[in-house]
Amino acid sequence: MNHPYVEIPELSSLQSGSGLVRIPYQQDVPFTKRVRALVDTAEFRRLSHITQLGFTALVYPGATHTRFEHALGVYQNALQYLWQLGKDPRFTATIDVHTAEVLIAAALLHDLGHWPFCHLIEDMSLEGIPRHESFAREFLSDGRELAEILRTEWEIEPAEVLDILVPSSDTAEMRLVRSILSGPIDIDKMDYLDRDSLHAGVPYGRNFDKNRLIQSLMVNAGGDGLAIGSKGKTAAELMVFARYVMFSEVYWHHAVRSASTMFARAFFHLYPHLDLSSYFQLTEADSISVLRAQARGTECERLVEGIFSTKRLLYKRVAEFSYYESSEVFKLIAHQPVSSLVRWSESLAKRLSQRFHQQVASTDILIDAPPTHREVEFNVEIYSSREAKYQPLHVVSPVVDTLARKQFDDFVKRVRVFAHPDIARLCVQMDDFESMLIESVTE
């Protein structure tokens with residue numbers, strides 16, 4: 001019996017091993033004529049000039065890979081998922097060939113709306129700044145080359161791709177498709193954990209059996225999302241832990257967060273003066289040039305130059321508070337809007353000026369905290385063929401109960417205070433810095 005999706009050119013190419021390009025690590029990606037047509041557009045090529053991890057490269061020098069490479073990896077994962085799920089009668093009864101092709105195109109274009117330092121800016125929840133998925137509308141609008149290629153080469157309407165990226169319908173079919181791109185065991189997470197770990201030079205994100213997990217994929221009990229067969233349980237447990245460690249050791253590494261917080265504070269003050277519509281369409285290098293020019297002569301200049309000039313000058317960590325070790329301070333500051341963090345930082349700077357009898361600039365002290373929104377919980381069903389029953393992962397795996405069910409952010413993200421090195425040296429000598437911080441927050 002032929003595979004139900006074998007007529008899709010990209011899947012045929014994947015199985016035959018023809019027409020492939022190679023991306024790290026030894027990953028073969030089918031490059032059909034219509035895939036190349038999408039990839040060669042200016043809108044897509046722009047992703048090759050936007051790094052995946054932004055400031056992480058200041059700590060892990062190899063982490064300079066791009067959204068372009070990541071997009072190809074996610075697309076290749078989509079093909080692997082479809083090949084496996086094509087063996088599940090419940091999946092093929094719901095997802096026809098055309099919908100499968102829409103998913104393939106959406107996987108390739110899922111980061112289309114990304115701008116430089118996108119997630120960091122989104123985390124600030126500033127007025128007038130859309131989610132990057134919504135910004136993809138601009139690049140898929142009528143008159144754009146991408147929209148024309150989707151229609152002529154793929155026989156897909158741009159609105160169909162957008163419905164996966166930015167949901168406008170609510171059917172079991174579309175929920176199932178979206179769960180492949182954005183869910184607990186999605187193709188995006190499957191790629192970035194592995195790829196980010198590879199380029200950062202750390203083992204944490206690669207210590208789960210990706211192939212085993214894919215081979216165990218099936219439709220969940222409700223028919224509107226993915227589940228895992230019992231043979232994939234261990235791989236799922238390891239993926240939960242891989243995600244936990246990557247956030248703890250890479251994405252929220254204190255020096256990475258120092259640079260991120262410096263950028264966020266500068267952007268908070270500078271963004272009202274930017275033409276955001278054009279700014280978000282720039283390459284990373286061009287966006288940095290615009291920001292440096294805008295910051296020149298302002299209190300933000302030292303922040304911007306500290307992370308973008310040829311001489312790195314990162315702010316130093318003065319204090320750190322976790323949910324479990326310093327819960328009072330953590331609960332007071334975590335998940336508060338960036339405007340509050342700025343106000344509290346400025347108040348703390350004034351108090352320090354009085355204490356040190358010298359000028360402490362309002363941008364010399366920065367408070368970093370978990371953003372207002374929280375990470376998606378890892379909530380996936382495990383199917384036992386022996387019992388013919390679906391159960392949540394946390395029920396059959398107490399080992400990952402806490403990491404999979406409780407608030408992920410409280411484990412891996414910290415409230416931190418950073419300061420310019422000259423000020424940090426004075427702060428760390430204080431016996432009452434924490435008390436002064438609390439006073440600044442609660443005044």
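**Figure 1. Phenylalanine 241 and tyrosine 244 on helix H14.** In this predicted model, phenylalanine 241 and tyrosine 244 both belong to helix H14 (residues 233–251) and are three residues apart, so about one helical turn separates them. The structure holds 20 aromatic pairs. In the pair shown here, the ring centres of phenylalanine 241 and tyrosine 244 are 5.7 Å apart and the planes stand at 40 degrees, so the pair is tilted. Phenylalanine 241 is partly exposed, at a relative accessible area of 44%. Tyrosine 244 is partly exposed as well, at 21%.

**Figure 2. Phenylalanine 263 and phenylalanine 267 on helix H15.** For the rings of phenylalanine 263 and phenylalanine 267, the centres are 5.9 Å apart and the planes are at 15 degrees; this pair is therefore stacked, the cut-off being under 30 degrees. The two residues lie four apart in helix H15, about one turn of the helix. Both phenylalanine 263 and phenylalanine 267 are buried. They belong to one aromatic cluster, together with Phe55, Trp115, Phe117, Tyr271, Tyr279, Phe280 and Phe308.

**Figure 3. Two arginines placed over tryptophan rings.** Arginine 34 has its charged end over the ring of tryptophan 154, and the distance to the ring centre is 3.9 Å. In the second case, arginine 257 lies over the face of tryptophan 252, at 3.9 Å from the ring centre.

**Figure 4. The crossing of helices H15 and H20.** Helix H15 spans residues 254–270 and helix H20 spans residues 338–356; their axes come within 11 Å and cross at roughly 105 degrees. The range 65 to 115 degrees counts as roughly perpendicular, and H15 and H20 are therefore roughly perpendicular to each other. On the H15 side, the contact is made by Arg265, Phe268 and His269. On the H20 side, Val338, Ser339, Val342, Ser345 and Glu346 take part. By class, the residues of this contact of H15 with H20 are three nonpolar, three polar and two charged.

**Figure 5. The crossing of helices H10 and H11.** The axes of helix H10 (residues 158–165) and helix H11 (residues 172–181) come within 9 Å, with a crossing angle of roughly 70 degrees. This angle makes H10 roughly perpendicular to H11. Asp163, Ile164 and Leu165 of H10 meet Met174, Val177, Arg178 and Leu181 of H11. The contact of H10 with H11 has five nonpolar and two charged residues, and no polar ones.

Figure 6. H10 is mostly covered, with six of its eight residues buried. The buried residues are Pro158, Val161, Leu162, Asp163, Ile164 and Leu165. Among the elements that cover them are helix H6 (97–109), helix H8 (132–139), helix H9 (145–153) and H11.

Figure 7. Most residues other than glycine have a negative phi, and most peptide bonds are trans. The peptide bond from proline 24 to tyrosine 25 is cis, with omega near -5 degrees. Tyrosine 25 is in the loop between strand E1 (20–23) and strand E2 (27–30). Serine 125, which is not a glycine, has a positive phi of about 50 degrees. This serine 125 is placed in the loop between helix H7 (118–123) and H8, and is partly exposed, with a relative accessible area of 47%. Histidine 335 also has a positive phi, near 65 degrees. The loop that holds histidine 335 runs between helix H19 (327–333) and H20. Histidine 335 is buried, because its relative accessible area is 16% and the cut-off for buried is under 20%.

**Figure 8. Glutamine 358 and its contacts.** Glutamine 358 is found in the loop between H20 and strand E6 (365–368). Its relative accessible area is 38%, so glutamine 358 is partly exposed. Leaving aside residues up to four places away in sequence, glutamine 358 touches Ser353, Ile423 and Leu426. For isoleucine 423, the separation from glutamine 358 is 65 residues in sequence and 10.0 Å in space, C-alpha to C-alpha.

Note on methods:
Residues numbered from 1 in each chain as written. Predicted model: local features only at pLDDT ≥ 70, side-chain atom pairs only at ≥ 80, totals over all residues. Heavy atoms only, no water. Axes fitted to C-alpha atoms, helices over the stretch in contact; angles between N-to-C directions. Parallel < 35°, antiparallel > 145°, perpendicular 65-115°, else oblique. Contact = heavy atoms within 4.5 Å. Nonpolar A, V, L, I, M, F, W, Y, C, P; charged D, E, K, R; others polar. Phe/Tyr/Trp six-rings, centres within 6.5 Å; stacked < 30°, edge-to-face > 60°. Buried < 20%, exposed > 50% of the residue type's maximum accessible area, 1.4 Å probe, protein only. Lys NZ or Arg CZ within 6 Å of the ring centre and 35° of its normal.
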